[in-house]
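Reader: I have a protein model open on my screen and I'm a bit lost. Could you walk me through how to read it, one feature at a time?

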Amino acid sequence: MAARIKTGFLIIAAVFLVAFTLWWLMPGNGSEARWEDYLSRLARLSQQAVPERAPLPIVPYPGNRELHQPIPEHRVDMLDYLELRHCNLMSLISERNSVLGKLQADSLRFKHEVTFIRRARQCLASDKLDNQALITLLEQVVTEKQAALPALYWNALVASAEFRQFFSQSPSAMAGDSQAALLSLEQLAQSPFQGETLPSPEQLFGLEARLQQIAHSQAGGQLLRRLALALRELERGNALLENIDPVALCPKGRPTPRARKLRNVLDNIWGSQVQQALADAQRQRKQLANALAKIEALLAPTPPAFAQWQDHYFSNTGLQNQLNRALKHHVSLWQERLRQCNLMPDGGQKLNDSANIDLEG
């Protein structure tokens, strides 16, 4: 009996250990652990308490109702419907009017509308219709469907469940293959139509595959969360560096053992860990910002909810600009404190490299 209890206890302990390990390895926890280690070292060596955490400056991705654009519907009477058999359009119309057709995802509707336009153009060019009223009606429908493609493509991307999943900022969300997901986003951001040009069959096929790629990753939301975390933690670090007593740290400008340990934190924690993580996040942020700028250009104007969400992170007064200022201030504080202790790195190279993390580009 005792052996069974012991075995059961070991199994429970093993399951708990695995669950805890998986939780700790989540992207958000890794970033938070790195910052907490850095700040706790600063606090200990500056003989201060670590400042309280403020709420993360994050804004959730807007809901579908706020993003979805209305798309005009076109109706034909029964006689027109029968005549369109010459254009190979009857099956498309039937599909669209079916129960499943009315519930299909916007990405599938986009493919449906492109196929309709392509077949209708071929039909009009081949002179298969002899009813002038129907020809005029079909030409009008093609023109209106062509004009609606940008809004429909917007719905297929920005208002999709896949995008909402990609931009999830839940602490438990997993980034997955961030680079592959960001590459798929960049490809989706390339407008598949220019003027009267329609997407190729290959582009239509790639649409679903790329949406699925980003649906399996929350890389976008996790990246924005990491940037928000960096801003909050830099501001906490700035408060610590600002409140260091230079006289106690380096009497008469002479470095104490505590000051030399602080310099080690700069070299071994800030330079090799925190700074590197910021640089990696910055490279991905550029990819994300460039893709979103191209997607935003699909509509003019974009829905207010999307514009506000995007401005929060990428505008001149948004999170990215605030992060850039906090980083520059952090670097200048390090320079000031080390200079007071005659511990500036030779030529200031490490601190210059820190300042060169381009958070504005």
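This is a predicted model: local features need pLDDT of at least 70, side-chain atom pairs count only at pLDDT 80 or more; totals for chains, interfaces and linings use all residues.

Reader: Okay, and how much of the whole protein counts as buried?

Author: Of its 361 residues, 46% count as buried. The protein exposes about 18800 Å², and carbon and sulfur atoms supply 56% of that.

Reader: What is the secondary structure made of?

Author: It comes to 17 helices and zero strands. As for how the chain meets itself, take the contacts with a separation of 6 or more: residues 24 or more positions apart account for 82% of them.

Reader: Back to Phe110, then. How do I read a pair of aromatic rings?

Author: You describe the pair by the distance of the centres and the angle of the planes. In this protein the count comes to twelve aromatic pairs. In one of them, the rings of Phe110 and Tyr153 have centres 5.1 Å apart and planes at 50°.

Reader: Why is that pair called tilted?

Author: Because planes under 30 degrees apart count as stacked and those over 60 as edge-to-face, with the rest tilted. The 50° of Phe110 and Tyr153 makes theirs a tilted pair.

Reader: Are Phe167 and Trp309 buried or exposed?

Author: Both are buried. They also belong to a cluster joined by ring pairs, with Tyr61, Trp154, Phe163 and Phe166 among the other members. Phe306, Tyr313 and Phe314 are in that cluster too.

Reader: What lies over the face of Phe116?

Author: That's Lys145, at 4.9 Å from the ring centre.

Reader: Let's do charges next. How do I read a salt bridge?

Author: The general idea is that side chains of opposite charge can pair when their charged atoms come close. A search of the whole structure finds nine salt bridges here. One of them joins Arg53 and Glu36, with the closest N and O atoms 3.4 Å apart. Arg53 lies in the loop between H2 and H3 and Glu36 lies in helix H2, so the bridge ties together parts 17 residues apart in sequence.

Reader: How exposed are Arg53 and Glu36?

Author: Arg53 is exposed, at 52% relative accessible area, whereas Glu36 is partly exposed, at 23%. The two are also linked with Arg232, Glu233 and Arg236 in a network of salt bridges.

Reader: Which helix holds both Asp280 and Arg283?

Author: Helix H14, where they are three residues apart, about one turn of the helix. Asp280 is partly exposed at 30%, and Arg283 is partly exposed at 49%.

Reader: And what about Glu336 and Arg337?

Author: Their side chains meet in a salt bridge, 3.1 Å from N to O. Glu336 is partly exposed, at 36% relative accessibility, but Arg337 is buried, at 7%.

Reader: Last topic: how do I read the backbone angles?

Author: Most residues other than glycine have a negative phi, and most peptide bonds are trans. Gln47 has a positive phi near 60° without being a glycine. You'll find Gln47 in the loop between helix H2 (27–45) and helix H3 (64–67), and it counts as exposed at 60% relative accessibility.

Reader: What is the phi of Lys252?

Author: About 55°, so to speak on the positive side, and Lys252 isn't a glycine. Lys252 lies in the loop between helix H13 (246–249) and H14, and is exposed, with a relative accessible area of 80%.

Reader: Where is there a cis peptide bond?

Author: From Ala300 to Pro301, with omega near -5°. Pro301 is in the loop between helix H14 (257–296) and helix H15 (304–314).

Notes
Residues are numbered from 1 along each chain as its sequence is written. Side-chain values use heavy atoms; hydrogens and water are left out. Helices (H or I, at least four residues) and strands (E, at least two) are DSSP runs, numbered from the N terminus. Buried means under 20% relative accessible area, exposed over 50%, partly exposed in between (1.4 Å probe, protein chains only). A salt bridge is a side-chain nitrogen of Lys or Arg within 4 Å of a carboxyl oxygen of Asp or Glu. Contact means heavy atoms within 4.5 Å. Accessible areas come from the Shrake-Rupley method with a 1.4 Å probe; for residues, only the protein chains shown count as cover. Rings of Phe, Tyr and Trp (its six-membered ring) pair if their centres lie within 6.5 Å; planes under 30 degrees apart count as stacked, over 60 as edge-to-face and the rest as tilted. A charge sits over a ring if NZ of Lys or CZ of Arg is within 6 Å of the ring centre and within 35 degrees of the ring normal.
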